[in-house]
Amino acid sequence: MKQVNILNINQFKKQSTLQGFYANTLEDHLITAHKDIALPHSHNFYLAILFTHGKGVHEIDFTTYDVGPGSLFFLNPGQTHHWELSADVKGFVFFHTQDFYDLYYTQNRISQFPFFYSMHSKPCLYLTDKEAAEITYLFEQAYYMNEENGILKKEKVMSFINLVYACSTGIYANGNIPAEKNINSTYYNKFRKLEELVEQNYKTEKRPAAYAQMLNISPKHLNRITQAVAQKTTGDIITERLLLEAKKELVLQQKNFNEIAYSLGFDDYAYFSRLFKKKTGATPSAFLIKYKKG
């Protein structure tokens, strides 16, 4: 069965001497790596992209975001994306594996940053001119430090990466997560564990109560956690993961609609179609037609 293409950091031509890290100008990155990728794909690394010029659209997990100067995107491993960009696009991009970050910041976790909390975190920021100037400088320095081969290269690169994340966290908190700042970190840990369990079991287990049991908490408490962290019910988290996979399969067109429903654990295609329409506003066939049209 063909799946959404998962890109490995070692596939990219402009390799850093730092294992598990890549940095480039966006214009060179598009020429050498991403310009012609039309279908959604994902990565096995963390990704940060800053647009300084140009415009377009950036689709992440089938949600579309506008691109323009000052657009800043963060993607978790496993998130699908693709874009359509104008010819004059400029900016910076860097990505790294979890090991690259964890081996240096042994006391920190990459998931401490709100845009990396979970797959349900908003993946974009639209920066003011002042914010864009500050973040652009940090991206530039991470890129230039990576181009050098002097002593303490990794320390220099990591300092600017962490500054990108730290400064972006302040901007993100002001505009995206006012209610999350006071949430108990235990909630986040439970939520991330829920996401892991859903990822492992969503095709065979769709009952919120079953996941609550796996986490040794009550369904009511689990729902309280998902509402606090993601403003969604436990059932929403499970269903959204199912429908994301369904959309990937529909776009790839490797199976017919009945086979897709069955592969996701639905014996009744009619029920699957009703659920899909209820949550997305379109039947599977209508979604695919609309997607093909752009």
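How many disulfides does a search of the whole structure find? The search finds 0 disulfides, a disulfide being a pair of cysteine sulfur atoms within 2.5 Å. Of the cysteines, Cys-124 is buried at a relative accessible area of 2%, whereas Cys-167, at 22%, is partly exposed; here buried means under 20% relative accessible area, exposed means over 50%, and partly exposed lies in between, with a 1.4 Å probe and protein chains only.

The model is a predicted one, in which local features need pLDDT of at least 70 and side-chain atom pairs count only at pLDDT 80 or more, while totals for chains, interfaces and linings use all residues. Residues are numbered from 1 along each chain as its sequence is written, and side-chain values rest on heavy atoms, with hydrogens and water left out.

The protein chain holds 11 helices and 10 strands, these being DSSP runs numbered from the N terminus, with at least four residues of H or I for a helix and at least two of E for a strand. Of its 294 residues, 50% are buried. Among the contacts with a separation of 6 or more, 70% join residues 24 or more positions apart, where contact means heavy atoms within 4.5 Å. The chain exposes about 14,600 Å², and carbon and sulfur atoms supply 50% of that area, as computed by the Shrake-Rupley method with a 1.4 Å probe, for which, in the case of residues, only the protein chains shown count as cover.

Helix H5 (residues 185-201) has 17 residues and reaches 24 Å from its first C-alpha to its last, close to the 24 Å expected at 1.5 Å a residue; the expected span is 1.5 Å times one less than the number of residues. Its buried residues are Tyr-188, Phe-191, Leu-194, Glu-195, Leu-197 and Val-198, and what covers them includes helix H6 (208-214), helix H7 (219-230) and helix H8 (234-252).

Helix H8 itself has 19 residues that should span 27 Å, and the 28 Å between its end C-alpha atoms agrees with this. Because 16 of the 19 residues of H8 are buried, the helix is largely enclosed by the rest of the structure. Just after H8, Gln-253 takes a positive phi of about 55 degrees.

In helix H11 (residues 284-292), the residues Pro-284, Phe-287, Leu-288 and Tyr-291 are buried. They cover an arc of only 95 degrees around the axis, which puts them on the same side of H11, the arc being that of the directions from the helix axis to the C-beta atoms. The cover over these buried residues includes strand E5 (56-60), strand E8 (81-85), H8, helix H9 (257-263) and helix H10 (269-280).

Phe-92 and Tyr-143 form a tilted pair, 6.0 Å centre to centre with 50 degrees between the planes. Phe-92 lies in strand E9 (residues 90-96) and Tyr-143 in helix H3 (residues 129-147), so the pair ties together parts that are 51 residues apart in sequence. Phe-92 is buried at 10% relative accessible area, and Tyr-143 is buried at 13%.

Methods. Rings of Phe, Tyr and Trp (its six-membered ring) pair if their centres lie within 6.5 Å; planes under 30 degrees apart count as stacked, over 60 as edge-to-face and the rest as tilted.
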